[in-house]
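Dear colleague,

Please find the structure below, together with its sequence.

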Amino acid sequence: METKIYNQTGKELGAITLPESVFDLPWNADLVHQAVVSMQSNARTPVAHTKDRSEVSGGGKKPWQQKGTGRARHGSNRSPIWIGGGVTHGPRNEKNYAKKINKKMRIKALYTVLSEKKRDGEILFIDKLETDEIKTNKAKEVLVSLSKIDGFDGLVTKKKNTAYITLSQKNENTEKSFQNFSNVNLNTIENLNLLDVLNYKYLVISDPQKSVEVIEKRGVKAVKTVNSK
């Protein structure tokens, strides 16, 4: 399957042939959901933590004698029904939220989402993306130029989670030029993951020949890793 390639000024340059195994898979909602839940769970860091009755201070002495006072009997002021006592069934930071998902499923989920975005016309391929100096205005000019391409006008009108832009290699000038845009994220193609693709409306891939090879090799590597075990 072929798709058009543009330059960063929005002019069409030619076309590139995309691998169907990456950009032409049928939608699989169950697989994508399972992968997303596992990734979100694995990234979760438990912070909330309460102390139970064995961890709070006090409780060394019985508050008052068992009988004869007319009051309810109590054995410790660390009881959960006392102010300052332990918490019953509260959140604990030692809870493990990790979920297992194998590499082949995770990679296929990424390919499935890329295929869906390609069908929806939300992936834009540009030959290169670079700025000769660190200037936010330079980055804005690129976004304005790309927004003139049919179907990508949202690059300048959408206020949140607009675009995830990938580079084939790190470029300090380009990265710092785009960092002031809160609705745009820029990273190298090696760091592309399922959650990023889903969280942003558009996916802009620079240096498509090299970038597509990197994405495709993930699947090959995952298969080799699984088969070697």
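**Findings**

Among contacts in the protein chain (heavy atoms within 4.5 Å) between residues at least 6 apart in sequence, 69% join residues at least 24 apart.

Some notes on the model come next. This is a predicted model, in which local features need pLDDT of at least 70 and side-chain atom pairs count only at pLDDT 80 or more, while totals for chains, interfaces and linings use all residues. Residues are numbered from 1 along each chain as its sequence is written, and side-chain values use heavy atoms, with hydrogens and water left out.

**Overall form**

The protein chain has 8 helices and 6 strands. These elements are DSSP runs numbered from the N terminus: helices are H or I runs of at least four residues, and strands are E runs of at least two. Read from the N terminus, their order is β-β-α-α-α-β-α-α-β-α-β-α-β-α. The radius of gyration of the protein chain is 27 Å, well over the 17 Å that the globule rule gives for 229 residues, so the chain is more spread out than a compact globule. For this comparison, the radius is taken over C-alpha atoms, and the globule rule is 2.2 Å times the number of residues to the power 0.38. Along the principal axes, the C-alpha atoms fill a box of roughly 95 × 45 × 30 Å.

**Surface and charge**

Of the 229 residues, 38% count as buried. Buried means under 20% relative accessible area, exposed means over 50%, and partly exposed lies in between (1.4 Å probe, protein chains only). The protein chain exposes about 13,900 Å², of which carbon and sulfur atoms supply 47%. Such areas come from the Shrake-Rupley method with a 1.4 Å probe, and for residues only the protein chains shown count as cover.

The chain carries 39 positive and 25 negative charges, whose mean positions are 16 Å apart. Lys and Arg count as positive and Asp and Glu as negative, with His and the chain ends not counted. Each charge is placed at NZ of Lys, CZ of Arg, CG of Asp or CD of Glu.

**The nonpolar cores**

In soluble globular proteins, nonpolar side chains tend to be buried together. A nonpolar core is here a set of buried Ala, Val, Leu, Ile, Met, Phe, Trp, Tyr and Cys residues joined through side-chain atoms within 4.5 Å. The largest one has 31 residues, and Phe23, Tyr111, Leu114 and Phe125 touch the most other members. Several elements each supply at least two residues of this core, including helix H2 (29-42), helix H3 (103-119), strand E3 (123-126) and helix H8 (208-228). The largest share, 6 residues, comes from H3. Apart from this core lies another, of 20 residues, among them Ile126, Leu129, Ala163 and Tyr202.

Ile123 is in strand E3 and is buried, with a relative accessible area of 8%. Setting aside residues up to four places away in sequence, Ile123 touches Phe23, Leu114, Lys117, Lys118, Phe152, Leu203 and Ile205. Ile123 and Lys201 are 78 residues apart in sequence and 9.1 Å apart in space, C-alpha to C-alpha.

Tyr164 lies in strand E4 (residues 163-167) and counts as buried, at 1% relative accessibility. Beyond its neighbours within four places in sequence, the contacts of Tyr164 include Asn185, Asp196, Tyr200 and Val204. Between Tyr164 and Asp52 there are 112 residues in sequence and 44 Å in space, C-alpha to C-alpha.

**Residues in the loops**

Most residues other than glycine have a negative phi. His89, however, has a positive phi near 55°. His89 is found in the loop between H2 and H3 and counts as exposed, at 79% relative accessibility. Asp207 also has a positive phi, of about 45°. Asp207 is found in the loop between E6 and H8 and counts as partly exposed, at 25% relative accessibility.

Pro80 is in the loop between H2 and H3 and is partly exposed, with a relative accessible area of 37%. Leaving aside neighbours within four places in sequence, Pro80 is in contact with Arg53, Gly86 and Thr88. Pro80 and Ala15 are 65 residues apart in sequence and 68 Å apart in space, C-alpha to C-alpha.

Yours sincerely
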